[in-house]
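Here are my notes on the model you sent over.

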Amino acid sequence: MPVYVHKNPDFRLPADAAQPIIMVGPGTGLAPFRSFILERLLEAQASNGKKAPGEMVLYFGCRRSDQDYLYGDVLEGWAAEGKIKLFTAFSRQQV
């Protein structure tokens, strides 16, 4: 199976952890954003609250929340705790 790795030096967190970030994960691509959130939360924890992370906003969409919403409980937990702002859309699910 051929595999291609493409480096992108611009896809990273800002150097200043207080800088707000907006992340858009339409169906796939949630893993790097989950890592970005975890990195900021761990940095804040390591500083004993001296360094508050900047605002983190995540827009995430997938087909169905009951089948495709991986890490949904974790994301919603962070949102409920006020650690991130979470906006979701489920394209194949009736409201």
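The points below go through strands, the surface patch, salt bridges and rings.

1. Ground rules. Bear in mind that this is a predicted model, so I kept to its conventions: local features need pLDDT of at least 70, side-chain atom pairs count only at pLDDT 80 or more, and totals for chains, interfaces and linings use all residues. Residues are numbered from 1 along each chain as its sequence is written, and side-chain values use heavy atoms, with hydrogens and water left out.

2. Helices (H or I, at least four residues) and strands (E, at least two) are DSSP runs, numbered from the N terminus. Look across from Val24 and you'll find Tyr59 of strand 2.

3. The greasy spot. Val24 and Tyr59 turn up again in a nonpolar surface patch with Ile22 and Phe87, with about 420 Å² of accessible area together. The areas come from the Shrake-Rupley method with a 1.4 Å probe, and for residues only the protein chains shown count as cover. Patch members have over 30% relative accessible area and no salt bridge; nonpolar side chains (Val, Leu, Ile, Met, Phe, Trp, Tyr) are joined within 5 Å, like charges within 9 Å.

4. How many salt bridges does a search of the whole structure find? Three, taking a salt bridge as a side-chain nitrogen of Lys or Arg within 4 Å of a carboxyl oxygen of Asp or Glu. In one of them, the side chains of Glu55 and Lys85 meet at 2.9 Å, N to O. Glu55 is in the loop between helix 1 (30-46) and strand 2, and Lys85 is in strand 3 (residues 85-90), so this pair ties together parts that are 30 residues apart in sequence. Glu55 is partly exposed at 41% relative accessible area, and Lys85 is partly exposed at 45%. For these labels, buried means under 20%, exposed over 50%, and partly exposed in between (1.4 Å probe, protein chains only).

5. The other salt bridges. Asp66 and Arg64 meet at 2.9 Å, N to O; Asp66 is exposed at 55% and Arg64 partly exposed at 27%. Lys83 and Glu81 meet at 2.8 Å, N to O, with Lys83 partly exposed at 37% and Glu81 exposed at 51%.

6. Rings. Rings of Phe, Tyr and Trp (its six-membered ring) pair if their centres lie within 6.5 Å; planes under 30 degrees apart count as stacked, over 60 as edge-to-face and the rest as tilted. That rule gives six aromatic pairs. Phe33 and Phe36 have ring centres 6.1 Å apart and planes at 65°, so they are edge-to-face. Phe33 is buried at 10%, and so is Phe36 at 13%. Phe60 and Tyr69 are stacked instead, 5.9 Å centre to centre with 20° between the planes, and both are buried. Ring pairs also link Phe11 with Phe33 and Phe36 in a cluster.

7. One last contact. The charged end of Arg34 sits over the Tyr71 ring, 3.9 Å from its centre. The test is NZ of Lys or CZ of Arg within 6 Å of the ring centre and within 35 degrees of the ring normal.

Note on methods:
Two strands pair if DSSP finds at least two bridges between them.
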